[in-house]
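Trainee: I am new to this structure and would like a close look at a single part. Please take me through the surroundings of the ligand and the barrel.

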Amino acid sequence: MASTLFTPFPLRDLQLPNRIVVSPMCQYMADDGSANDWHLMHLGQFAMGAAGLVITEATHVSAIGRISPRCLGLYSDENEKALARVVDFCRKYGVAKIGIQLAHAGRKASSLPPAQGGKPLTAEQGAWKTVAPSALPFGPGWHVPEAMDRHALLAVKQQFVESAKRAARIGFDLVELHAAHGYLLHEFLSPISNQRTDEYGGSLANRMRYPLEVFDAVRAAWPKERPLGVRVSATDWIDGGWTPEETVVFASQMKAHGCDFFDVSSGALDPRQQIPFAPGYNVPFGEKVKKESGMATMSVGMITRPQQAEDIVSGGKADLIAIARGAMDDPRWAWHAARELGGEALYSANYQRCTPAVWKP
Ligand SMILES: Cc1cc2nc3c(=O)[nH]c(=O)nc-3n(C[C@H](O)[C@H](O)[C@H](O)COP(=O)(O)O)c2cc1C
């Protein structure tokens with residue numbers, strides 16, 4: 001039987017050659033938000049054959065929206081030039097489509113990279129004032145963010161728009177807005193981090209309002225033939241938090257606003273979360289969103305084996321599969337999956353001599 005994982009998938013005018021996506025992965029290697037040679041290697045290796053679509057790490061829309069001082073950004077001309085160099089490189093030598101994840105870290109900004117402990121920056125380390133829907137810290141010892149007023153809401157929305165315009169100029173094929181993992185847009189959705197009393201807090205409709213406004217503004221600025229999707233955490237994994245049922249409502253609303261796909265992850269809003277990690281642990285959430293809202297979905301989280309990925313897409317549980325650590329481990333993931341499943345992966349012309357048609361390991 002033919003492999004479903006290796007069938008194309010259309011999103012607006014973009015034709016993805018297969019259903020495999022390299023998931024965004026922060027590298028904490030940028031200089032003042034600008035990509036450098038590390039990113040040529042990191043994204044370049046994936047562009048050569050890990051997947052049909054490679055999505056950049058969380059790329060922040062402002063300097064204070066960065067998770068750490070070494071995070072990638074797209075808020076200055078220098079950032080744009082540096083990222084354009086990386087995307088041009090991937091296009092020149094690679095075969096994958098290239099997407100960008102646009103993000104604002106909200107109350108989880110101003111921290112050290114995980115390899116240095118991941119804790120909030122101290123004043124000596126250059127901590128900055130963070131912003132969020134409400135003045136509630138992520139956890140004990142974390143920065144108390146400033147609750148965003150009307151001016152801040154407009155300013156951050158405009159930053160998303162400006163970054164999307166820069167992404168369009170660079171020539172990205174697709175944008176994914178980061179509304180997961182406890183970052184700013186997720187903080188608006190969850191009743192744990194959003195305790196506002198204005199029209200942006202309280203009811204589900206109010207909590208969804210700001211992410212929907214940001215989406216609409218970006219959609220209007222991003223070329224209409226190119227797809228725009230959203231990454232969500234389907235649950236906060238904590239009582240009183242954001243739920244899968246609310247995620248379905250959010251997806252239905254987003255679909256009506258022209259959203260092309262939901263990338264369904266979970267958690268990271270509150271350190272008290274209890275996540276039952278297991279292979280494919282987010283798949284049931286993505287399946288629920290797909291079946292109940294009709295939104296195209298990407299599943300992510302401990303999907304590592306080709307047959308596992310094949311079963312998820314051929315079983316109608318997701319349209320696309322995102323792979324993070326598995327792609328770092330094997331930057332030729334799609335080639336090896338194609339060999340196992342009898343599919344056809346893309347190779348650059350000068351690597352044709354190791355295709356299964358002419359060479360067997
Ligand atoms: C090194 C690393 C960096 C990550 N950075 C991001 C990120 O920038 N944006 C994001 O949405 N998720 C990020 N994630 C989460 C992954 O995209 C993915 O959702 C998660 O690792 C589960 O998938 P996996 O089991 O295939 O690794 C990161 C994960 C890793 C391992």
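Mentor: What follows starts with the barrel and then turns to the ligand.

This is a predicted model, in which local features need pLDDT of at least 70 and side-chain atom pairs count only at pLDDT 80 or more, while totals for chains, interfaces and linings use all residues. Residues are numbered from 1 along each chain as its sequence is written, and side-chain values use heavy atoms, with hydrogens and water left out.

The barrel is closed by 8 strands with parallel pairing, in the order β3-β4-β5-β8-β9-β10-β11-β12. Strands (E, at least two residues) and helices (H or I, at least four) are DSSP runs numbered from the N terminus, and two strands pair if DSSP finds at least two bridges between them. One of the pairs is β11 (residues 297–300) with β12 (residues 320–323), parallel and joined by 3 bridges. In this pair, V300 stands opposite A322 in β12.

Helix α1 (residues 37–47) lies across β3 (20–22), β4 (53–60) and β5 (97–103), where contact means heavy atoms within 4.5 Å. The helix runs at about 150° to β4; axes are lines fitted to C-alpha atoms, for helices over the stretch in contact, and angles run from 0 to 180 degrees between N-to-C directions.

Around the ligand there are 16 residues, of which S23, P24, C26, M302 and R325 come nearest; a residue counts if one of its heavy atoms lies within 4 Å. Polar contacts here are pairs of N or O atoms within 3.5 Å. A polar side-chain atom of R325 is 2.6 Å from a ligand oxygen, the side chain of S23 places an N or O atom 2.7 Å from a ligand oxygen, and for H178 the distance is 3.1 Å.

How values were computed: A polar contact is a pair of N or O atoms within 3.5 Å; within protein, one must be able to donate a hydrogen and the other to accept it, and residues adjacent in sequence count only if both atoms are side-chain atoms.
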